[in-house]
Amino acid sequence: MAEKILVLDFGGQYNQLIARRVRECNVYCEIKPYTMTLEEIKSFAPIGIIFTGGPNSVYLENAPQVDPGIFELGVPILGICYGCQLMAHTLGGQVTAAQEDTAREYGKTETYYDTRVKLFKGLPEKGISWMSHGDYMAKVPEGFTLVGHTDACPNAAIADEKRGFYGVQFHPEVSHTQNGTRMLRNFLYEVCHAKGEWTMDDFCKRTVAQLREEIGGGRVLLALSGGVDSSVLAALLAEAVGDRLTCVFVDHGCMRKNEGDEVEAAFSKWNIHFVRVEAQERFLSKLAGVSDPQQKRRIIGAEFGYVFLDEAMKFGITKEDFFAQGTIYPDVIESGAGDADVIKSHHNKLLPAEVVAQFKKVLEPLDHLFKDEIRQLGRELGLPEYLVSRQPFPGPGLAIRILGDVTADKLAILREADAIFREEIANSGCTEICSQYFAVLTNAKSVGVMGDGRTYENTLVLRSVTTSDFMTADWTRIPYDVLDRVSVRIVNEVPHINRVCYDITSKPPATVEWE
Ligand code: XMP
């Protein structure tokens, strides 16, 4: 990809959003740790650089810094919040802790823009911006002018238009900032002179060509779960290598009700080599007695690898051939890429090294795409809408929706309850607002009364989130009458559940899945 923006990550909470917004503007970008060296930056060859926000104060010892050489590359830079202060600090300005409460700003703030500068071209002169900073630029560096202010802060935005350097104290990537995407678009198109080459159609053509070249005459074994990501990858690989693709679907015993049959039915219609492996016993025996979430994930991730290896041998796939999986960008980030914290290890990042070594290469061509980009790509490839718009289902399946150890009995309870929830959501027409919805079996028991008798049974939690990228999410405002129907049906129809709760936590601070 010739046209790239580099997003240098200083640990801010909205960093994924910056990348999403840039890509929405049809410009490719990657998030890299701020520790990237100058040489690495040069060879990445970005047309522009964005410094993200971050939790630090630039004047403190050990605060993240950049090589000052970055300002000599002749590449435009946009600094956001910490990134803005870092640019000011490095180029000879002065940043201090805000002395007065007024210079410290959090939340929606009325902001005034100098619309003569490229960053704010075409914007209204006044608008709401989202602030979140406790530091203050006491002196801006030479060459910069003040191009934005609020009632409390004279330098909400600074610019050195000659060098193409811009800094904003607020967060243009957050939807609360009015015209924020337009500011980013201005940076990309007016300042960095982007052409807008990043489209799914283009990605599709380029990736198919690259895959053909890389795979040559080799064969590919694809880990196919039937979810959006691996289904889209199946279509992409089928386009690239045709019948040299073998798609292996593993039923690990933690699938939803009827899922195995549904996946088989859907893919049997395709003109691909589809294999279903019944590995329930294998996985459940390995999971027996294990309660720790990461440990469950590790066991499942590894076992998947060993099953795929067995299948590869069965089908004569050798070390000269390839293994492919539908890893996407959030899988990489949340599994702890670079300096980021490991939130949870997504199953496809847990393949044992000895499995990887049995293939020429592991192909993950979607590992830089966000969920909604994958859906767009699926449509581009002509996949049926029911596959493209399916709600995501995590590789480890119900094993990470049963808190505590996983048993066949618990799986049976959860499967029934989850099926009722999904059926009622589908009947209610709420699927538009429910991006992902499922049931979780807690290991809490509580007292209830049914008929005239006391019960002491399991507590079930319903979870539904509304999101497009699954990196951040809000809990879905499902109408009460729908929740009521689900609750009544579950308690009446599913033995061993006597209490149903609804999870009203967004992400962050929670995650979508409970484990
Ligand atoms: P969390 O729980 O991390 O989930 O907020 C974000 C999205 O990722 C899905 N997820 C996974 N998908 N393998 C997957 O393929 C995994 O190990 C995994 N863990 C979480 C989750 O269902 C949600 O859509």
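Lys445 sits in strand β17, which spans residues 436-450; strands here are DSSP runs of E with at least two residues, helices are runs of H or I with at least four residues, and both are numbered from the N terminus. The model is a predicted one, in which local features need pLDDT of at least 70 and side-chain atom pairs count only at pLDDT 80 or more, while totals for chains, interfaces and linings use all residues. Residues are numbered from 1 along each chain as its sequence is written, and side-chain values use heavy atoms, with hydrogens and water left out.

With a relative accessible area of 45%, Lys445 is partly exposed. That label covers the range between buried (under 20% relative accessible area) and exposed (over 50%), using a 1.4 Å probe and protein chains only. Setting aside residues up to four places away in sequence, Lys445 touches Tyr456, Glu457, Asn458 and Thr459, where contact means heavy atoms within 4.5 Å. Ile497 is 52 residues from Lys445 in sequence, and the two C-alpha atoms are 8.8 Å apart in space.

One of these partners, Thr459, belongs to strand β18 (residues 453-466). Its relative accessible area is 8%, so Thr459 is buried. Beyond the neighbours within four places in sequence, Thr459 is in contact with Val440, Leu441, Thr442, Ala444, Lys445, Ser446, Arg499 and Cys501.

Lys371 itself counts as buried because its relative accessibility is 7%. The side chain of Lys371 is joined to that of Asp229 by a polar contact of 3.0 Å. A polar contact is a pair of N or O atoms within 3.5 Å; within protein, one atom must be able to donate a hydrogen and the other to accept it, and residues adjacent in sequence count only if both atoms are side-chain atoms. Leaving out residues up to four places away in sequence, Lys371 touches Asp229, Ile328, Pro392, Ser468, Asp469 and Phe470. Just after α12, Gly382 takes a positive phi of about 80 degrees.

Apart from neighbours within four places in sequence, Leu236 is in contact with Cys204, Thr207, Val208, Leu211, Leu366 and Leu381. Leu236 and Asn348 are 112 residues apart in sequence, and their C-alpha atoms are 18 Å apart in space.

Now for the ligand. There are 15 residues around the ligand, of which Glu334, Lys344, Gln436, Lys507 and Glu513 come nearest; a residue is near a molecule or strand if one of its heavy atoms lies within 4 Å of it. A polar side-chain atom of Lys344 is 2.7 Å from an oxygen atom of the ligand. For Gln436, a polar side-chain atom likewise lies 2.7 Å from a ligand oxygen atom. In the side chain of Arg297, an N or O atom is 2.8 Å from an oxygen atom of the ligand. The protein buries 93% of the 490 Å² that the ligand exposes when taken alone, with accessible areas coming from the Shrake-Rupley method with a 1.4 Å probe.

The backbone also has some details worth a look. Most residues other than glycine have a negative phi, and most peptide bonds are trans. Lys507 and Pro508, however, are joined by a cis peptide bond with omega of about -15 degrees. The bond from Pro508 to Pro509 is cis too, with omega near 10 degrees. Pro508 is found in the segment after β20 (497-502), and Pro509 lies in the segment after β20 as well.

For Ala45, a residue other than glycine, phi is near 55 degrees. Ala45 is found in the loop between α2 (38-44) and β3 (48-51), and its relative accessibility of 41% is why Ala45 counts as partly exposed. Asn258, also not a glycine, has a positive phi near 65 degrees. The loop that holds Asn258 lies between β13 (245-251) and α7 (259-268), and at 48% relative accessibility Asn258 counts as partly exposed.
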